[in-house]
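Student: Let us go through this model by question and answer.

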Amino acid sequence: MKKDIIVVGGGCIGLMSAYCLLKSGRSVTVIEKDDITNGTSFGNAGLLSAFKKAPLSVPGAIPDTLKLMLKGESPASVHPVFDLNLFKWLIKFAASSTQARLKRTLALFERYGRISLDMYENMVKEDEMDFHFCKDGLLMIYTEEKTFDEKAAHCNNPDAYEILSKEKTKEYMPILNDKVIGSILLKENGHIDPGEFMLELKKFLENKGVEFLLNEEVTRLEFEGSKVSKIITSKDEYEAETFILSTGADATLAKQAKNKFLMTPAKGYSITFKMDDSLKPKTSSLFADLFIAMTPRRDTVRMTSKLELGTTNPEIVRKQIDSIHKNLGQYTNDFVKEEMVEWTGFRPLTPNDMPIIGYDERYDNLVHATGLGWLGITFAPAIGKIINDVITVDKKNSTNEDILLFSAFYQG
Ligand SMILES: Cc1cc2nc3c(=O)[nH]c(=O)nc-3n(C[C@H](O)[C@H](O)[C@H](O)COP(=O)(O)OP(=O)(O)OC[C@H]3O[C@@H](n4cnc5c(N)ncnc54)[C@H](O)[C@@H]3O)c2cc1C
């Protein structure tokens, strides 16, 4: 029997699309090649960081990264592979790192960050989901005088920023040593436990009748004229009114529909551990000059870092884990990390921080929902809403103002 909506890929973007479509009365099936317990949407830092936080493609990104590379502290690396798509991605990244673009990106981040925060809050209050949603700001910790002074000079809105001395910063993060310069609390941001969020959302969707086909990989799309006629999986084949591709950093199926998206997998690491409660950070924190995040969770703390391009190998590379501990260790006193769990995942990264969302340009029952890069958790609710609106209300990209504003289809 023909299904209504099939969502391919059960990460945070696929599940939030399913959530919004369900609320609009649509019948949804999620097909996921794994079991929704350990993908990129699980092991990330869980920061909701849309406010006052610069995007990746920021002026100075390339010289700053090169400087850190020379010091051996760079979180970013590019594997030496011959990949034309990656080469084009890097060129576009460099070209996108402009002041004009930064201004627009920051405004868009705030617009969709606000929608997402409100939706998260609603899911907690009205749907009674519990995923450790905390709206207590993001502490940007600085280890370089110059970057701290530059940033602090622009922080004149007391509703959005609080500038903290070294001593005050240590109250938020008691493990810090004296090499830290100071910090800025970006008050409007927050954090969640992404794993709890995924499990709570899946449970909610299942209870409301969303069908989950797990451990089933979609291997092929079949086309007839301007439509996807069916999809073939490792177990069966299915027809649907509408297919949503939310396969994260894996663009295999989008390529079958002849799309050449400028999106690249960016490998990152997380290390989750138990530590003395009195030493835990008081809110989510980001070492701005090191690109290391530390998020307090109910019983643990999670550190995340690294951005490796040119690899799709998920294995944990010891050198990378060691370098996270070493880089952070320069600015902290010794503390005990117990029951450490190491993890890797791939950000679906576009060169200008714009997501790939909206109807396919060739097939009119195919919708894309990916390219959220390092901000998928931050924007997942807003993306789910946009995907729902374009399918149920606008029925095409060009009449949906969010897609016109925020989608890579229109923003390069
Ligand atoms: C180290 C690290 C830290 C991060 N920290 C943050 C943060 O603090 N805040 C934030 O907002 N974001 C963060 N992110 C980014 C965020 O995790 C991602 O943007 C988000 O998880 C992407 O979600 P997604 O649903 O697009 O992709 P995914 O979570 O990857 O989901 C895609 C799903 O599709 C499935 N799939 C793929 N192909 C097929 C197929 N053919 N058939 C069936 N299923 C398929 C995959 O198995 C996967 O489950 C971080 C990422 C990393 C790596």
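Student: At what angle do helix H5 and helix H11 pack?
Tutor: This is a predicted model, where local features need pLDDT of at least 70, side-chain atom pairs count only at pLDDT 80 or more, and totals for chains, interfaces and linings use all residues. Residues are numbered from 1 along each chain as its sequence is written, and side-chain values use heavy atoms, leaving out hydrogens and water. Helices are DSSP runs of H or I with at least four residues, strands are runs of E with at least two, and both are numbered from the N terminus. The axes of H5 (residues 99-125) and H11 (residues 376-394) lie 7 Å apart, and the packing angle is about 85 degrees.

Student: Why is H5 described as roughly perpendicular to H11?
Tutor: Axes are lines fitted to C-alpha atoms, for helices over the stretch in contact, and angles run from 0 to 180 degrees between N-to-C directions. Angles of 65 to 115 degrees count as roughly perpendicular. H5 is therefore roughly perpendicular to H11, given their angle of about 85 degrees.

Student: Which polar side-chain atom lies 2.6 Å from an oxygen atom of the ligand?
Tutor: A polar contact is a pair of N or O atoms within 3.5 Å. For Asn44, a side-chain N or O atom is 3.3 Å from a ligand oxygen. The 2.6 Å distance belongs to a polar side-chain atom of Glu32.

Student: How much of the ligand's accessible area does the protein cover?
Tutor: Accessible areas come from the Shrake-Rupley method with a 1.4 Å probe. On its own the ligand has 1000 Å², of which the protein covers 94%.

Notes. Parallel < 35°, antiparallel > 145°, perpendicular 65-115°, else oblique. Polar contact = N/O pair within 3.5 Å; in protein donor to acceptor, adjacent residues only side chain to side chain.
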